[in-house]
Amino acid sequence: MIDPWFSLRLSLLVALLATAVVSVAGTALGFLLARVRFPGRDVVDTLCTLPLVLPPTVVGFFLLCVFARRGALGQYLYALTGWTPMFTWQAAVIAAVVIALPIMVRTSRGAIESVDTTFEKVAYTLGQSGLSTFFKVTLPLSSKGLAAGIVLTFTRALGEFGATLMLAGNIPGKTQTMPLAIYQATQTGQDDLALGLVMLMTITSFGVIFWTNRIGSKW
Amino acid sequence: MVRAISINRLQAKLTHKLSGLELRVDFAVEGGMIVLFGPSGCGKTTTLNCLAGLISPDSGLIQVNEKMFFDSQARINLSPQMRRVGYVFQNSALFPHLDVRRNILFGIDDWNKEKQKQKLEYLVELVHLNGLLDRRPDQLSGGQIQRVALARALAPEPQLLLLDEPFSSLDMDLRSQLAEELCRVQASLEVPVILVTHSKEEARQLADTVICMEAGKIRAAGSPAEVL
């Protein structure tokens, strides 16, 4: 049975958690790519972009290879904890993180690259460490770009379908996010329910973007 | 020609290869106002960056008082944070997200509040910033921006002060006014100042010692009357 309110709550929870993870990891990776020269940088750069280019089902397949009970990481996780993320709501978070990460990496990288490195040099000569310079100078000066990246991350995570289906499955009341519920409603001929879900999703997304835009313009 | 002057407070002997320029400088100066003079692209700014620790020269040594900043043979290379060098960049680079007060206090934000307040009052007096502390950099004039940048560099009590074309964006009147102020500040603080310029006027007006650079080398060094 499709439970619209459960699906909406789950979708928002998954998107929020994924956004929290991606905001931190994506900014760190964006900073690394923008400011640090290291061997294998181009490979990391390409890997960070790949999930954006590949169909989500392909990403989902790779995630299965990694997180399934006998997967590259999943087997150790299962051996240690007796738990597997497969077909849990946590799997939906993993899928959303991997799918949305490239957007955050690319926006944060652009935002950080646009900060004149002279400001960072000034901070060094004033005795500030690399970390403190990042938090006091680089981060505030790139905050608008980072905020845009965070909003995009949230919207992408909210709409995630393909990889989520592969990894978390489509279990009503357990892993069925809004996009999955809409798909199932149309497949089973429940057109009125599908329309209701679509409206709910559209109004929620409209509200989120409208609200963040309002905050952004006041800032 | 490379010529050493006198060895006491600042000694720098360095070589550094850049694309299209080989920097090879060797000088030692005893405080006062030192002007690095030469055409654009002759390696003046690179020299300052080496002194500040923002660039590691290929070889050589840099010593300020008894403190060794850089010695390629002994593998000493202090980070910019450890050198305590004040640096006013060409575009002044005030932090645009901070007001004047927080710009000035940026390098001493770990001091106790009372000491910060005293230092702030002293610097406001020294470079005439009364009434400007709550302004943002985009609300300041060119001359005010340079004064704030100078105050910010002086706050952590540097043992060497570097100024990269500090007056280049100012009109003539303001230039000579600020140059006079700078001389006064330099005289009241006992810290060696190295100022980079491509203006002969400025070099004449300001320098105790002029170091003339050309294509990465020191062409002449001495008093303004001798070398300009």
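## Exercises on a two-chain predicted model

Ala20(A) is partly exposed, with a relative accessible area of 47%. This is a predicted model, in which local features need pLDDT of at least 70, side-chain atom pairs count only at pLDDT 80 or more, and totals for chains, interfaces and linings use all residues. Residues are numbered from 1 along each chain as its sequence is written, chains are lettered from A and ligands numbered from 1 in the order in which they are written, and side-chain values use heavy atoms, with hydrogens and water left out.

### Exercise 1

Solution. Step one: Ala20(A) belongs to helix 1 of chain A (helices are DSSP runs of H or I with at least four residues, strands are runs of E with at least two, both numbered from the N terminus). Step two: take the cut-offs. Buried means under 20% relative accessible area, exposed over 50%, partly exposed in between (1.4 Å probe, protein chains only). Step four: look along the chain. Lys144(A) is 124 residues from Ala20(A), and their C-alpha atoms are separated by 17 Å.

### Exercise 2

Task: describe the interface of chain A and chain B.

Solution. Step one: count residues. Chain A puts 17 residues in contact with 19 residues of chain B (contact: heavy atoms within 4.5 Å). Step two: take the area. The two chains bury about 1500 Å² between them, with 71% of it on carbon and sulfur atoms. Buried area is the accessible area (1.4 Å probe) that two parts lose on being put together, summed over both. Phe119(A), Thr125(A) and Leu126(A) supply 38% of the area that chain A buries against chain B, more than any other three residues.

Step three: find the charges. The rule gives 1 salt bridge across this interface. Its partners are Asp109(B) and Lys136(A), at 2.6 Å from N to O (salt bridge: a side-chain nitrogen of Lys or Arg within 4 Å of a carboxyl oxygen of Asp or Glu). Step four: assign elements. Helix 6 (117-125) and helix 7 (130-141) of chain A each supply at least two residues of the side that touches chain B. Helix 6 of chain A gives the most, with 7 residues.

### Exercise 3

Task: classify the ring pair of Phe31(A) and Phe134(A).

Solution. Step one: apply the rule. Rings of Phe, Tyr and Trp (its six-membered ring) pair if their centres lie within 6.5 Å; planes under 30 degrees apart count as stacked, over 60 as edge-to-face and the rest as tilted. Step two: the whole structure has 7 aromatic pairs over all chains. In this one the centres are 5.0 Å apart and the planes at 75°, so the pair is edge-to-face. Step three: Phe31(A) sits in helix 1 (residues 4-35) and Phe134(A) in helix 7 of chain A, 103 residues apart. Step four: Phe31(A) is partly exposed at 24%, whereas Phe134(A) is buried at 13%. Together with Phe135(A), these two form one aromatic cluster.

### Exercise 4

Task: is Thr138(A) buried or exposed, and what does it touch?

Solution. Step one: Thr138(A) is in helix 7 of chain A. Step two: its relative accessibility is 1%, so Thr138(A) counts as buried. Step three: leaving aside neighbours within four places in sequence, Thr138(A) is in contact with Phe31(A), Ile112(A), Val115(A), Glu120(A) and Thr133(A).
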